Amino acid sequence: MSSCPLISIVVPVYNVENYINKCVDSLLKQTYSNIEVVLVDDGSTDSSSIICDRLSVENECVITYHKKNEGLGYARNYGVNKAKGDWIVFVDSDDYVREDYILYMWNLSYNGTVDLVSCGITLEAENGTELSISTCRECFVNSSKDAFFNIYIKGIERYTAYSKLIRKEIALNNQFPKGYFEDFATTYRYLSQCTKVSFGDGGENYRYIQRQGSILNRRLEKKHLHCFEICEDIASYIQESYPDYRKYIVLLYETQLIQILNKQSMGKKEYSNLFFKYRPIFRAKIPCLLFDKKISKSQKIIGLLLCTTPKLYKISRRTKKLMRNMR
């Protein structure tokens, strides 16, 4: 294992005093031993900074940096800039991983011959209950274009930063923007600089903790709508880089809209206004995808529902949830 390259695990830290010990402990137990854990304290106001310093004193491979609070994306950037490894893995400080997580990712890199590795995750409640497992179909992709299609168009793999192993130079060249939905705004730029990508299952290895304070469980605010501005940026990228994907741009908006409709708290008027604002996009673009075999049935059904009314969409969602609970 000593002949394997150093992998830097970048962990942004902000007010996670109840989680950071478990997170770092899971990283120190990795079966892939040639790692460094880069803790970036993003101006925490609780005891997180003290805990990080203690972890660094107690463990040679743990390095702690302190900076002013600028948000998750900038904390990740800081960690990448400080990392000594040739490869980067991001782990959120309130999550934890199984002991084979890094080794599994490295094996999927085919001894470093690919540029990016992407895996599934397990969504877990704070009490330890498994809520869902998101898996990827294990495969090797020669084309960054195909990888982009799998992640951003079909949605069968995740665009999240915390389920990736990435070459450091690619992470350095494509740093996270400030604000929300940093992963959505960055991963496609990673892919643009990749020659080879691999996807793996391994969904049980990364344990994403669904906290009550998550951005996707709060009342709707203007900052949550920033995802649609990112959709516009990605749409421009598609127009320039993959013009044959232009008809699929509507699916970017579908993914983000249903995430907000399903998870953000909002009043009936807000819900309807948001629904009707984007309905014309779906009415104009979804019909041309109905017979496209590359698109899943669920994407087509959701797209059609977004062409109807807020009431009908809500009913369909409640029905789906009821049927799932009855299984």
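The model is predicted, so local features need pLDDT of at least 70 and side-chain atom pairs count only at pLDDT 80 or more, while totals for chains, interfaces and linings use all residues. Residues are numbered from 1 along each chain as its sequence is written, and side-chain values use heavy atoms, with hydrogens and water left out.

Let's start with the negative side. Glu99, Asp100, Asp201 and Glu204 form a negative surface patch; in a charged patch, residues have over 30% relative accessible area and no salt bridge, and like charges are joined within 9 Å. A salt bridge here would be a side-chain nitrogen of Lys or Arg within 4 Å of a carboxyl oxygen of Asp or Glu. Glu204 sits in the loop between strand 11 (197-200) and strand 12 (206-210). With a relative accessible area of 37%, Glu204 is partly exposed, because buried means under 20%, exposed means over 50%, and partly exposed lies in between (1.4 Å probe, protein chains only).

A positive surface patch brings together Lys268, Lys311, Lys314, Arg317 and Arg318. Helix 12 (residues 310-326) contributes the most, with 4 residues; helices are DSSP runs of H or I with at least four residues, and strands are runs of E with at least two. Arg318 belongs to helix 12 and counts as exposed at 55% relative accessibility.

Finally, look at Asn59, in the loop between helix 2 (48-58) and strand 3 (62-67). Asn59 counts as buried, at 18% relative accessibility. Its side chain reaches the backbone oxygen of Leu55 at 3.0 Å.

Technical notes:
Patch = residues over 30% accessible without salt bridge, like charges linked within 9 Å, V, L, I, M, F, W, Y side chains within 5 Å. Areas by Shrake-Rupley, 256 points an atom, 1.4 Å probe, with all protein chains shown as cover. Lys, Arg positive; Asp, Glu negative; His and termini not counted. Charge placed at Lys NZ, Arg CZ, Asp CG, Glu CD. Polar contact = N/O pair within 3.5 Å; in protein donor to acceptor, adjacent residues only side chain to side chain.
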